[in-house]
Amino acid sequence: MQLRMAPAADGCCHHSQSSKELRGKILKAFLYDSKHKSFQDLKDGAFSIKDHLKDHKNVDATVKELKIAAKPDFSVFIEEDMREIQRISDQLQRKPINNVINAFRYLRTACPNSTFVDHLARVTFQNHPASRNVPLPAPHQIMPFTFFKRGKVVAAQRSIPGVDNLVLELTDPNKMLQDGDILPTSAKFDKERRIAWWREDLGMLTHHYNWHIAYPYPPKQPRDRQGELFGYMHEQMLARYDFERIAVGLNRVQPYGPGFGWDKPLVEGFNSQLAMCSVRGANSNLSSSNTYYIGKGVPNTISLDDMKRYKDRISSAIAVGFLYKDAQNKVMLDLKDGMNHLGNTMQANQGSVNKTLYGNLHNNGHVILGRINDPSGMYQIPPGPMNYDQAAPRDPVFFRWHKFIDNLFEEHRSNLPYQNVQDLVFDGISIESFSVKLEPSEDDKEKLEKSKVFSETENHFYTHMENKWYKIYNSNATEEGGDSDYSSASVSQKALNHIPFSYEIKVKNDNKHEQNIVFRIFLAPEIDEGGPLDHSRTMFVELDKFVVSVKKGTKTIKRQDNQSSVILNPQPTVEDIATKDGPLRGDCMCGWPLNLLVPRGTAAGMRGNIYVMASDWNKDGQDPYSGMEGSASYCGKQGAKYPDKRPMGFPFDRLVVNRDGSSPVGTLGEFVEAVPNSFSEKVTITFLDKWPIQEKREDAKRASRQRDRQKGE
Amino acid sequence: MSKCGCFTPRLPSPEDKNLNIKILGAFLADPNGGKYDDSLPTFEYIPRFSHFDPTHMKKVRRIAVDLSKKPCKEMIRVLSCLKNTYPSSVYIDHLARVALHKHPDTKFMSVPPPYQTVPSLFFDRDLRHGRLEEILTHHDTLRVAKLDPEQLLAWWREDPGFSSHHGNWHLYYPFDESPVFERQGELFAYMHVQMLARFDFERLALGFSRVEPFGPSFGWDKPMKYGYNPRLVGFSARAGGMMIPHSASNGGRRVFSLDIVRQTHELLNGIDKGFLINSQGRRVPVTMNALGLCLEANLTHSTNHQLYGDIHNNGHVLIAFCGDPDGVWDIDKGAMMESFTAARDPVFYRWHKFIDIFFENHRRSLRQYTVNDWDALKNVEIKSFKTIIDDKDAVNLPAHLDLTNNLFNYMGKETITIYDPEPKEITDQGIKKSIPFSFKLNVRNNGRKDAKAVFRVFMVPYTKEPHEVWRLLAVELDRFVVPLKAGEDREIVRSDKDSSVILPPELTVGHIMQGKTSIGSKPPCGCGWPRNLLIPRGQPTGMKTKIYVLASNWAEDGVNPEEGLIGSIAYCGKLGGPYPDKRPMGFPFDRNTTWGETKDKSGRVYMPEFDEAIIDKVPNAAMAEVTVTYLTKHMIEAEEAAEKVKNKEFFQKSTPVHFSKDNFSNSEGSSSDSDDDTGKIRRSLSSLKFFYG
């Protein structure tokens, strides 16, 4: 097999040949230091982060010079906050690395729970010339209270006297007993709780968090095809979310936004149980106030009417096919760049075609939905999860909001020229067979054999829930035998995983010369809605995209699930950074978690279709000699152009028509028939575990039986 | 103890002191103390405990009764174990208070104030962690107050003494199966209507309108415009624009909004017809007490719990759970769910204004008062009545201020030790305080017999409304008994600290630890209006109010004419005994008064006529025009500066006076009375009709 893989140094993001010493030093800038010398002489209540610049005599020189202070309710969705981050970070990048490290060690200890400081640190170290290649610790390890629920981080906030802290208090001992996934009593009423395990998956949340760090909006110029990727990444999240919803018997996610019911009360309430977020009651009335306060800049308000106008302007721009750059100039929404312009405009980054006219739709929606409890801050209710990029996808309304955003993209896509099947044909290349093979480890084999539902190893995915342990820092919770310098604790959370598998593709090259082929693999649930393929087009989940060169003749290609171009490679943990010698690979940490690569399916087996298409990488690839390594599909490549020149989501990015040029392709089968260089296969996804509800009941029964026995003794 | 179970003062013995210190163990968690150890098998922990949930109240009562049958020592041991097991639980604190109150040995012992033992109900998280200032500066307070006007009254609603008054009242007047106190229903109405009167008084001082009712047919089916954030741990905030859910459940019991609507109609029908239907289907006359018991709603003494339901409690539940009526999202309860916190929420007053509509309907059907009712103590004449500030030096007021018929308030600090559960000192920065004052009366008994007079003192803001409207604003300040010898002139000076409305100084944890006990001094129920809020705050330019005093015959009015009115009886009754005053609560402002001949054809009595009639026809009543001034921080600073330069024209400088003198022509204290310019302007300013202009 001759995979023309790019050399390892060309990965998605940079990786680092950093010295262990610098690595350790930067790590310390992320860890709360109870022995920090600046705070040793403080007495109870003597320190307030607000005043530390003027009063505190031990304040770090760099912090004082740049006037860095923690921002309460910091949000990446507020433009002013992002400009502040950029302003400080730009100045810090010009300082010697040691000064920067000292500044962050001070800030981390002064405000250990500030999401602002964490964001600033990540942006600064990722861009500072001396630390560009240094792996940074994972956010969920460093900021546990933003990723773990109250019951998980049991009173785990540290408090040094008087310092700006979030204090977690568990008044109700019963709350500690609740596990992270389904609550049996409530799931009956709140259907959304059925897939809480998915929305609260740490890998998914960190992926979203890091994506927004990697693709910031102002004041930087957008990266290559950022707007399009913004659309595609979120659309794929929606596709995967819909997949999971269908599996648990819910309908596909409904949009919520201007013109999509947001003038009526939001029926779903939500309680993230995160210390920094407020809860949203049922039937919260978004339109109780037309004016929402965002930040302290000018203008510092946005009204629901404004949002409606921005949406209408974008809608009409899509309808007429161009955006106004100014009074004279138009930007055409064509096939090549239209999605990108639209995405940039909606994400409102510097690539926005006209920010005055089209506003800041996506970000302001986040802020408005985050502040639904307290639009003008008059009750001092903290914002909800939608305000924070770490927490937003926990909230079901996140997906409803993004469905609204995606609907605008879909409006645009429906205006594009149709995809004709004959343009998809790759002459001389045909796929003879395509299958998924299980590759269970010894443990997995045992698990499979134990379960009664296990039947076949081909074209069958098996998923299961497993307990994952995470080591967290910057919390009060300590465990015995932990790191003596920095207290750490272990918390567990249930997460989905699947039995490892691989794809086997038999491809035939009838051409005379060797071909550079890119394989695009998608998965979609089988639905009985009828209608053309276009109805389920947005449900296709990208599983992998990889490049193989094939000589004349037939070749069988094998590809492992953990090589996928959507997933994040294993990242160094805090422990790795602290202890491992030698070079350490650290990516930008953006990428879909491997454990969520395959949707959970159902216990009875959920039917789906897996689809592969081969196309010419010499034409499609930005650089024919490098593939889609790293998590390029959702995150691009750092410092380089997006490797695939085709529209993102190709070939499901728009309506596919038959050779006549007008009739839409009816089924996936027809599609494969018309395009010999593609193949589809029916698959089944079986969830091996029982419903957690049952499990819980059984646990409770077992516990009560045990109690009875003890009492009897 | 006396036979009737009433409180009788006696000298404390050393055993009392030791016992009282032991009782503290039930309220303060000891980190090394014993844990709960199955020694009370019937015990059941209630996680989402609420004072407004009858099932919870029943459970608590049952457990407390069980406990109170144990020996005193054993009961305290169990309570301490529970406290150590659930150190911050409101439920355990409540249970301890109820159980101690029910046990005969500990019934009259001092218990520490709740704001020390469960501070999470009284002080927001930030204050408890010394971060309040920071929070206030992070969010622009001024902007907050502009958008949410209710924020301007937060100092009043969130006063710890006030919160604990309301909580303790409900603690000692439970609606569970406990034996009902005499006139409990009437007191329920009176205590809450006085809270409303005081709240309205403060609102008027800020130029707000009086509080509007909220309930069935009063905006119940529309969104609540304003929200509220209690900022207390264990409580959730209510966003603006929330709707009342059709039903809500606090664990087991489900409450339906439709039930409240139906019960409201049933009860209003009953009031208008003049009779209620009891559970046997018989007609019983409507009285204030019966009405109060129906509304509160007492589980055993409500006339018909089935028919008239549980309106008051269910309203609390529905409002508190409007965000999560089914407990789906595990959202904490709202402030309305807890009697110690309910009165912090502005919607509490709107709800109780609605409850008061029932009482008002009934009061309207009662016989109206005439001069004869007021003239209740013949031959006694109040010759003069005024307020004075006697302890002038203690408060460092400038020399030129008129201290007669002038009351002053300011915002001060209070340092409180809380047990959270470790002892901690916090400083509450927003406590309203008043400069201590006294009433001074000159009374003459013209009769030939000795008399015992009870003086009833009420304060009313100046208003142009008819009596039937402003009657509801009458705030009770004091009620006291003075014997008057025949033919004698007597000067009475009554200090505000003796008021029968206020809670006498409480014994704090520190006091009890030092061995002090309330045995031998005052009844320790902890219920009573906080002294610092006795008089409303007024306005910086001086708010014009009137204080009415009426003397009536204590020999007729008193349940026990030999006994005076000790302690905070006006709002809280007497611990273990009947309400000592036989008159309807709130007399003489409990209903409308007509003087027979009025200028208005409708028979309405306006304030000037009312005052005139008092002076002419009711010698045993008197009225004083009192100006209540709020010394703002700015004014106090200016005052100090003025003091330094010995400039007497302080008011001219610090208040923007830019009207012409003619504007003051309607002020009744005409300018020619005074040769002092300062006094003239001050009086003029104070007489501006600030809110009715």
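Reader: Does A:Cys277 count as buried or exposed, and what is its relative accessibility?

Author: The general idea is a cut-off on relative accessible area: buried means under 20%, exposed over 50%, and partly exposed in between, with a 1.4 Å probe and protein chains only. At 6% relative accessibility, A:Cys277 therefore counts as buried, and B:Cys294, at 0%, counts as buried as well. Please keep in mind that this is a predicted model, in which local features need pLDDT of at least 70 and side-chain atom pairs count only at pLDDT 80 or more, while totals for chains, interfaces and linings use all residues. Residues are numbered from 1 along each chain as its sequence is written, chains are lettered from A and ligands numbered from 1 in the order in which they are written, and side-chain values use heavy atoms, with hydrogens and water left out.

Reader: How many disulfides does the structure hold over all chains?

Author: A disulfide is a covalent bond between the sulfur atoms of two cysteines, and here the rule is a pair of cysteine sulfur atoms within 2.5 Å. The structure holds two over all its chains. In one of them, A:Cys590 and A:Cys635 are joined with their sulfur atoms 2.0 Å apart, and the torsion about this S-S bond is about -75°, so the disulfide is left-handed. The pair links distant parts of the chain, 45 residues apart, with A:Cys590 in the loop between α19 (574–579) and β13 (606–616) of chain A and A:Cys635 in helix α21 (residues 632–635) of chain A. Helices (H or I, at least four residues) and strands (E, at least two) are DSSP runs, numbered from the N terminus. Both cysteines are buried, A:Cys590 at 0% relative accessibility and A:Cys635 at 2%.

Reader: Which residue does a disulfide join to B:Cys527?

Author: The partner is B:Cys572, with 2.1 Å from S to S, and at -75° about the S-S bond this link is left-handed. B:Cys527 lies in the loop between α20 (509–513) and β12 (543–553) of chain B and B:Cys572 in helix α22 (residues 569–572) of chain B, so the pair ties together parts that are 45 residues apart in sequence. B:Cys527 counts as buried at 1% relative accessibility, and B:Cys572 is buried with a relative accessible area of 5%.

Reader: What is the order of the six strands in the open sheet of chain B?

Author: Two strands pair if DSSP finds at least two bridges between them. In chain B, the open sheet has the order β7-β6-β13-β12-β9-β10, with mixed pairing. Its edges are β7 (423–434) and β10 (475–484), each with a single partner strand, so one side of each is left without a neighbour in the sheet. From one strand to the next, the twist averages 30°. Strand β9 (residues 451–461) of chain B runs antiparallel to β10(B), with nine bridges joining them, and B:Val454 stands opposite B:Val481 in β10(B). Helix α11 (residues 184–205) of chain B packs on the sheet, touching β9, β10 and β12 of chain B, and its direction makes about 120° with that of β10(B). Contact means heavy atoms within 4.5 Å, and angles run from 0 to 180 degrees between N-to-C directions of axes, which are lines fitted to C-alpha atoms, for helices over the stretch in contact.

Reader: How many residues has the largest nonpolar core?

Author: In soluble globular proteins, nonpolar side chains tend to be buried together. A nonpolar core is a set of buried Ala, Val, Leu, Ile, Met, Phe, Trp, Tyr and Cys residues joined through side-chain atoms within 4.5 Å. The largest has 187 residues, and those with the most contacts inside it are A:Phe104, A:Phe125, A:Phe519, A:Ile610 and A:Phe671. Helix α11 (residues 226–247) of chain A gives the most to this core, with ten residues. Apart from it lies another core, of 162 residues, among them B:Trp529 and B:Leu550.

Reader: Which residue forms a salt bridge with A:Lys682?

Author: A:Lys682 forms one with A:Glu526, the closest N and O atoms being 3.1 Å apart. This pair links parts of the chain 156 residues apart, A:Lys682 in strand β15 (residues 678–687) of chain A and A:Glu526 in the loop between β10 (515–525) and β11 (541–550) of chain A. A:Lys682 is partly exposed at 43% relative accessibility, and A:Glu526 is partly exposed at 34%.

Key
A salt bridge is a side-chain nitrogen of Lys or Arg within 4 Å of a carboxyl oxygen of Asp or Glu.
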